[in-house]
Amino acid sequence: MSSPGEAGDDAEIIAASLRHPERFAALFDRHAAHIHRYLARRLGGQVADDLTGETFLIAFDRRDRYDPAFPGARPWLYGIATNLAGQRRRAEQREYRLRAALGPPSDHDSHADRVAERVSAQALTGPLAAALAGLAPRDRDVLLLIAWEGLAYDEVAAALAIPVGTVRSRLNRARKKVRAALAPAPAEEVSNHG
């Protein structure tokens with residue numbers, strides 16, 4: 001039997017883990033830091049800790065459905081992580097709507113304050129954070145997987161289970177919106193030139 005750190009592509013490790021579940025640990029060793037970094041950038045460190053573990057639990061449960069035509073599992077793992085991040089965001093939005101309907105709490109920080117703290121804690125600040133927040137979630141997922149994680153178009157397509165053409169169109173739309181959001185206001189342009 002091979003040890004978790006032994007050579008072999010991800011598809012081979014996943015296939016071997018069907019008979020020897022302990023072999024799946026090699027996949028965690030290879031990719032957990034990448035998945036955690038991605039989730040931490042999106043949701044903050046504490047949430048990333050939880051969702052990284054959850055990502056690998058889901059992957060372990062679904063390993064019998066992994067397509068062995070893909071030797072590298074990182075896009076598959078990014079897809080699971082992206083779905084979990086989306087679920088977390090939707091849960092927070094539902095909570096926010098519920099709290100808004102009930103009125104502000106008296107002695108506790110509001111949900112908006114906690115969200116603002118989380119955003120502040122992330123590496124992104126100012127206009128770029130606002131521009132990213134203004135993107136549609138699907139467009140943001142594509143942009144961040146390419147810009148932060150360095151995935152190729154086909155890897156993003158595999159991660160999100162969408163065609164490569166859709167990756168290109170979402171990326172194009174996201175880049176245009178971010179560029180427009182970061183462009184100087186017309187008054188600033190005039191003052192800079194005259």
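Is Arg 30 buried, partly exposed or exposed? Arg 30 counts as partly exposed, because its relative accessibility is 29% and that class runs between 20% and 50%. Keep in mind that this is a predicted model.

**Stop 1: Arg 30 and Asp 10.** Select both. They form a salt bridge, with the closest N and O atoms 2.7 Å apart. Arg 30 sits in helix α2 and Asp 10 in helix α1, 20 residues apart. Asp 10 counts as buried, at 5% relative accessibility.

**Stop 2: Arg 41 and Glu 149.** Their side chains meet in a salt bridge at 3.8 Å, N to O. Arg 41 is in helix α2; Glu 149 is in the loop between α7 and α8, 108 residues apart. Arg 41 is partly exposed at 30%, while Glu 149 is buried at 10%.

**Stop 3: Asp 139 and Arg 173.** Here the salt bridge spans 2.8 Å, N to O. Asp 139 lies in helix α7 and Arg 173 in helix α9, so the pair ties together parts 34 residues apart in sequence. Asp 139 is buried at 3%; Arg 173 is partly exposed at 37%.

**Stop 4: the core.** The largest nonpolar core has 42 residues. Select Leu 39, Val 142, Leu 145 and Val 156, which touch the most other members. Beyond its sequence neighbours within four places, Leu 39 contacts residues including Ala 48, Leu 51, Ala 81 and Ala 85.

**Stop 5: the second largest pocket.** It holds about 400 Å³ of space. Among its 18 lining residues, Phe 70, Pro 75, Trp 76, Ala 158 and Ala 159 lie nearest the centre. Helix α4 gives the most, with six residues. The lining has 10 nonpolar, three polar and five charged residues.

How values were computed: Residues numbered from 1 in each chain as written. Predicted model: local features only at pLDDT ≥ 70, side-chain atom pairs only at ≥ 80, totals over all residues. Heavy atoms only, no water. 1 Å grid on protein atoms, 1.4 Å probe; cavity = no way out; pocket = protein on both sides within 12 Å on 5 of 7 lines; lining within 4 Å. Points joined across faces, edges and corners; volume = space filled by probe spheres on them. Helix = DSSP H or I, 4+ residues; strand = E, 2+ residues; numbered from the N terminus. Nonpolar A, V, L, I, M, F, W, Y, C, P; charged D, E, K, R; others polar. Core = buried A, V, L, I, M, F, W, Y, C linked by side-chain atoms within 4.5 Å. Buried < 20%, exposed > 50% of the residue type's maximum accessible area, 1.4 Å probe, protein only. Contact = heavy atoms within 4.5 Å. Salt bridge = Lys/Arg side-chain N within 4 Å of Asp/Glu carboxyl O.
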